[in-house]
Amino acid sequence: MAISVFDLFKVGIGPSSSHTVGPMRAARSFALALASVRDIHHIEVDLLGSLGATGVGHGTDRAVVLGLMGHEPDTVDVDAIEGWLGEVATQERLPVMGLGSVPWQAGTHLRFLPLQSLPFHPNAMVCRAMSADGQPLLARTYYSVGGGFVVSGEMADDPHKAQQVVKDASTLPWPFHSAAQLLSLCEQHQCSIAQVMRHNELHWRSNAAMDESLLHIWHAMQACIDRGLRRPVGSHLPGRLKVSRRAPQLWQRLKAQGAALGHAAMDAMAALDQVNLWAMAVNEENASGGRVVTAPTNGAAGIVPAVLKHLVDSLMASGLDEASTHPQVLDFLLTAGAVGLLYKENASISGAEVGCQGEVGVACSMAAAGLCAAWGGTPQQVENAAEIGMEHHLGLTCDPVGGLVQIPCIERNALAAVQAINAARLALHGNGQHHVSLDQVMATMKQTGADMKHQYKETSLGGLAVNVVLC
């Protein structure tokens, strides 16, 4: 596979991997390219298509400024962002990495152009370094193609290069380009999907380094859940919708019920409440610009953590300590990563390209596969779980109200996390044989996304985004 699991699971900031993480990386890349350019007076950035349509609600303008300053999504100090941006706005000067301070005015040097688009991908961004007399000294085009992945204009002009976003798949010992090939490798080597992934990841890092990095991803997910739970009860998410955080209040209520009734006497459906809680906690953090893990995107970042926490908590309830759950955590993430990489190569993980089926649907599919594997499912059962997770998200639109990743995104993550658990259970009750294959459902998802009208693909021009009146 051309992409590492660590290219798919990335620590970043909210609210969007395609509209925040990708543009920040692209802007930083442009800043690096300016090292050899002389006599730069100012910089101009145009956000086209979906970046222009919902970029304000998704913080794209903020991400561009941070990227030009030299910050990266996985290391930026989230507590310092507001101060930095406030200083830029007040002084109307932007400290560009390696260049110094240049004039910067929102609306003049950064423009949202939703009606202009480029054919390669709906999320396009054009950066220009300008001379004092308004002549372009350097211009670069970037495409944020989902999950924080960025394709340069040069790569986009070469279809072969555009497909090889990271590395050539032929360099890996056990390459696979479809679920059928992945299952064939499992059969040939008598191993699990996680073991296939592990064998390929050894191309880049040792087993010890791999385990350490995977556990770092899991700890980042746990930290995000914890931050989301501990926010003040009654606090609101940013933006004009004034959406209240629900996770802190639900957490307090569930804790009170557990203390009053005892865990054994709690409602049998309380496990669903907990999964809902964890997914919403992550996505409320994402909506407020907090640190999350793309899994595979920010908009769907709550599903994999919620399902994985459900697994770990159930294992610990059976008597295991936290360290003893690590083998299952590793298998879960490697298996989920394998499924995510298949979608990345064969379909899409970009809401702007195929709608929310490419974000929440893919995350549900990944989580279902990871959970099924951790519960001891065969490769065939795991593939079935992944297929179930996507089949029932086909056609899911991306229609964020007000251009914000709040409605319907937060609840949608909670529901998909529960569906992922159910998909894994259904697959485990079968023998792995089923009529619709994962490859077929991926092809269907891609075709459905191509047929989906533009207004339902992260533009806020259709669906709930136009039927929910904002006061």
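**Reading burial, helices and bonds**

Modeller: Let's start with Q190, which is exposed, at a relative accessible area of 62%. Buried means under 20% relative accessible area, exposed over 50%, and partly exposed in between, with a 1.4 Å probe and protein chains only. Before we go on: this is a predicted model, where local features need pLDDT of at least 70 and side-chain atom pairs count only at pLDDT 80 or more, while totals for chains, interfaces and linings use all residues. Residues are numbered from 1 along each chain as its sequence is written, and side-chain values use heavy atoms, leaving out hydrogens and water.

Colleague: Where is Q190, and what is its phi?

Modeller: Q190 sits in the loop between α8 (179-189) and α9 (193-201). Its phi is positive, about 50°, although Q190 is not a glycine. Helices (H or I, at least four residues) and strands (E, at least two) are DSSP runs, numbered from the N terminus. E92 also has a positive phi, about 55°, and is not a glycine. You'll find E92 in the loop between α5 and β3 (93-96), and it's partly exposed at 39%.

Colleague: Is L371 buried or exposed?

Modeller: L371 is buried, with a relative accessible area of 0%. It lies in helix α16 (residues 360-374). Contact means heavy atoms within 4.5 Å; leaving aside residues up to four places away in sequence, L371 touches V307, L311, F332, I421 and A424.

Colleague: How do I read the packing of α13 and α18?

Modeller: Axes are lines fitted to C-alpha atoms, for helices over the stretch in contact, and angles run from 0 to 180 degrees between N-to-C directions. Angles under 35 degrees count as roughly parallel, over 145 as roughly antiparallel, 65 to 115 as roughly perpendicular and the rest as oblique. Here α13 (residues 303-317) and α18 (residues 409-428) pack at about 45°, with axes 9 Å apart, so the two are oblique to each other. The contact is made by I303, A306, V307 and H310 of α13 with N413, A416, A417, A420 and I421 of α18.

Colleague: Which residues does a cis peptide bond join?

Modeller: One joins G14 and P15, with omega about 5°; P15 is in the loop between β1 (10-13) and α2. Another joins I407 and P408, also with omega about 5°, and P408 is in the loop between α17 (379-391) and α18.
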